[in-house]
Amino acid sequence: MKTRLTVLLLALMSLASCSDELASNRPFILTTATTGGAYYPIGVAIATIAKSQLSDEYDISLSAISSAGSLENIKLLRDNQAQFALLQGPFAAWGWNGEGPIGRPQTELRSVGAVWHNVEHFVLMSDLAETGTMQDFRNLDGERFVLGARNSGAEQTGRYIFDALDIDYENRLSLAYMGYGGSANAIQDGNIVGMNVPAGAPVSAITQAFAQMGDSISLLNFTQADLDAINSRYDLWDWYDLPAGTYPNQTELVRSISSPNVLAVRADVPEDVVYHITRTIWENLAALQEIHGATRDMRLDRAARGLGAPLHPGAIRYYREQGLEIAPHLIMPGDDRPANGDVPYATNSATEQ
């Protein structure tokens, strides 16, 4: 049965990538990111699972669209051009609080849950990595370093981490801006000394760089003091160990950190819709993990951890049924109520396009 479901999902995802067929009837939109990263194929898989499992019985349909990523997704949610979105964890926190690159609080923002993790990959040339930790950035003097593509989530979270560690990166580094693949090529060509690549592990750009350069480059470790400083404003990051062999020529464990990507939703999406979509994702996790390897670190027991925006009552209802502990700050007043049972879903003005 699982194999048949996976084949069906792959077929439907192919249709979504090649045509607008799935977009003909979509009361709910899930916005993802560019087609080259993990967000888009995982978003299409989530939407396809929801459509295949929920459309007949509950008349719930979800379709995935591409976007410029987390910052644009916040705007699409705000303007009700999308009702669901994939966000980097810090962007969910910034959106809820109106901080960082987001100018005012997004009061309509809610979390469905934490999904797969973005692992921090800070890479330096080994001859500059004296301690093998993030503190090595304090010793650089004008070297060229890629923070991420301009206005990307990598750039914004990279700046946040450097600021939290009190590293004077604006003066210590000559900052460059490019995507992950371009960064991997640039370090191999000797045009940069390092790069910032937050993504689900293993990342193809890091794999490419290590395969070509071996021990001439190093992945930097984080210390407990680093983790404490980064979490001082938002408690989003946790330890993420990269065992030896995660990347070519990596001979020792690297202790990094990660924060969860978040499936977000507008507060005005009906409770039963969010409940059924939440339930369907977790009950079909094995199929989702067959679609994309980055989702293999998804776990139900971590679904309510590392969230910067409150949970939607539909998600609370499902997690309560599963016995999950939910932190009080993730529950808005009035949202932690007994389940009322399934009610028929009818499209309302909040979800019409």
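In this predicted model, the second largest pocket holds about 530 Å³ of space. Of the 28 residues that line this pocket, those closest to its centre are D235, L236, R305, G306 and L307. Four secondary-structure elements, α4 (89-97), β4, β10 (238-242) and β11 (254-266), each contribute at least two residues to the lining of the second largest pocket. Sorted by class, this lining comprises 15 nonpolar, six polar and seven charged residues.

The largest pocket has a volume of about 900 Å³. Its lining is formed by 35 residues, of which G37, A38, Y180, P198 and A199 are the closest to the centre. At least two lining residues of the largest pocket come from each of α3 (70-78), β4, α5 (153-164) and α8 (204-213). Helix α3 provides the largest share, with three residues. The lining of the largest pocket consists of 18 nonpolar, 15 polar and two charged residues.

Rolling a probe the size of a water molecule over the atoms shows where empty space is left. Across the whole structure, the search finds one cavity of 30 Å³ or more. The volume of the largest cavity is about 40 Å³. This cavity is lined by V112, G113, V115, L263, T278, I281, W282 and Y319. Strand β4 (109-119) and helix α10 (271-283) each supply at least two of the lining residues of the largest cavity. Six residues of this lining are nonpolar and two are polar, while no charged residue is present.

Notes
Residues numbered from 1 in each chain as written. Predicted model: local features only at pLDDT ≥ 70, side-chain atom pairs only at ≥ 80, totals over all residues. Heavy atoms only, no water. 1 Å grid on protein atoms, 1.4 Å probe; cavity = no way out; pocket = protein on both sides within 12 Å on 5 of 7 lines; lining within 4 Å. Points joined across faces, edges and corners; volume = space filled by probe spheres on them. Nonpolar A, V, L, I, M, F, W, Y, C, P; charged D, E, K, R; others polar.
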